[in-house]
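Grab your viewer and work through these exercises on helix packing. Each one sets a task and then walks through a solution.

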Amino acid sequence: MENFWKWLTDLNDSVNGFVWGNGLYLLLATGILMTVLTKVFQITHIGHWLSQTLCSIFKKDVSGHVKGKSISQFQALCTALAATIGVGNIAGVATAIVVGGPGAVFWMWIAAFFGMMTNYSENVLGIYYRKKNRDGEWSGGAMYYLREGLGKMKGCKYIGKILAILFAIFCILASFGIGAMGQINKIVANVVSAFDIQSLSSTILYGEISLYHVVIGAILAILAGLIILGGLKRIAAFAEKVVPIMVVLFVVGSLAVIVVNFSQIGAAFSSIFKYAFSVPAALGGVGGIVVKDIVTMGCKRGVFSNEAGLGSSVMVHSNSNVVEPVRQGLWGIFEVFADTMIVCTMTALVVLTSGLINLDTGMLAEGASDATLVAKAFSGLFGIWGERFIALAILLFAFTTVLGWDHYGAKAWEYLFGTKSKTVYKVLHLITIMCGALLTSSLAWDISDTFNGLMMVPNLIGVLALSGLVVKITRNYVDRKLKGKQIKPMLSVHEEVQEEHEKQI
């Protein structure tokens, strides 16, 4: 068994280094290009996208009950956030700071700023190219705009089809990694630490894996099965109830810790900007970290957290009852904003103001590690309940991520093998949930990173190839909705869907 895990680790390291070594530049380039082409839409139209997202949550057409196979815009957001707000927002941020220093947070922000327009573009294309499957449910995602968009360009027919198939394959693999193994692994590790049951944890099966790990994994697999086998409607219903509550509780708890450590806020922000372009002494001297590593770590953890550029959340946004592609694109902007600019920033400030990391040298306090950093920061204020709160937060964040990613993987599976076979995927996904409880922490996390990178490449190629179309759809929307021009709306590439949506508006 140990030889197998070593072989898997070595293989993953090779693929990970290649994908992220090149894919990161493609990711940033896409975000920068879409920001420029849309004239910095996320800033110039900030009032509009906030009014159409955060400020419209309680409107009936946004969060009201939806009949049929579609889900509401708010349910689509919550399901997407369920999949993005996970381990990356707690453990991922702590890892970025420990490995890359405080400056990694700055590059998380940069990746998120440009990622807003990448996510916007993905969702605009997702709505524009979506179509209904044999069950009457919307199906959308990168595989459709790769095949129907890129594939319809001169000389790109087979390229579009091949990239669509590759994306679907990588999405399924990613759903097993980031959408199961990585999340469940962190849940189990934190629950075992915070709520130890000696009779179970003392029974060691191999390495650090005990009977307690197996029991928790089995319980999570059963709970997940009860929800995901009910389809998207049940997942969305669960997400819209749990996600807002867990985000608010985590933000409030984080603010309490930050307020108590108020005197360190200035130093925390100073270290973020100072070490964005230089290396803390401890990391440079002992770890051999250079500025490029800080940039890479920040961007990787940013993408792991908000998933902008992966093309993942498109598959649930495409199930929304919205008819305007840009309207769902605005939710994509808000999704990245809420995930990274709010939740991840809260986590970073909790860590940097806690005193558990030296802001000048990057040295961790004795007994602290990336896995326990946030829990120890909360424990400093709330005692043992601080650690338990973080364990419960990770449980909820990570578990809802598993549910969201089940839908993504199921849609990719549907694209490859048809609607009828989706149950096969769901069973396989439940098995990988159990596997996540039995893997070592570092391997589960590294595999998730690799699958993210593999999924990102074909999706970004599609977004870049169709960037001109995104600009046209955006301009059409702005001219109609904000400038009052009477022109034909651009709602769908499919004539029958276009006509149906025109009647609705």
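Predicted model: local features only at pLDDT ≥ 70, side-chain atom pairs only at ≥ 80, totals over all residues.

**Exercise 1: α9 against α11**

In α9, the residues Ile184, Ile187, Val188, Val191 and Val192 meet Tyr212, His213, Ile216, Gly217 and Leu220 of α11, where contact means heavy atoms within 4.5 Å.

Residues are numbered from 1 along each chain as its sequence is written, and side-chain values use heavy atoms, with hydrogens and water left out.

- Step 1: The axes of α9 (residues 157-194) and α11 come within 10 Å and cross at roughly 125°. (Axes are lines fitted to C-alpha atoms, for helices over the stretch in contact, and angles run from 0 to 180 degrees between N-to-C directions; helices are DSSP runs of H or I, at least four residues, numbered from the N terminus.)
- Step 2: (Under 35 degrees is roughly parallel, over 145 roughly antiparallel, 65 to 115 roughly perpendicular, and the rest oblique.)
- Step 3: The α9/α11 crossing is right-handed, i.e. the near helix is turned clockwise from the far one by less than a right angle.
- Step 4: (Ala, Val, Leu, Ile, Met, Phe, Trp, Tyr, Cys and Pro count as nonpolar, Asp, Glu, Lys and Arg as charged, and the others, Gly among them, as polar.)

**Exercise 2: α11 against α20**

Find the orientation of α11 relative to α20.

- Step 1: The axes of α11 (residues 211-228) and α20 (residues 422-436) come within 8 Å, crossing at roughly 155°.
- Step 2: The two helices, α11 and α20, are therefore roughly antiparallel.
- Step 3: α11 supplies contact residues including Val214, Ala218 and Ile228, while those from α20 include Lys426, His429 and Met434.
- Step 4: The tally for α11 with α20 is 9 nonpolar, 3 polar and 1 charged.

**Exercise 3: α12 against α17**

- Step 1: The axes of α12 (residues 232-260) and α17 (residues 325-353) come within 9 Å and cross at roughly 30°.
- Step 2: α12 passes α17 in a left-handed crossing.
- Step 3: The contact residues of α12 with α17 split into 11 nonpolar, 3 polar and no charged.

**Exercise 4: confidence**

Which element has the lowest mean pLDDT?

- Step 1: The protein averages a pLDDT of 83, and 90% of the residues score at least 70. (pLDDT is the predictor's confidence in each residue, from 0 to 100.)
- Step 2: Helix α14 (residues 281-287) is the lowest, with a mean of 54.
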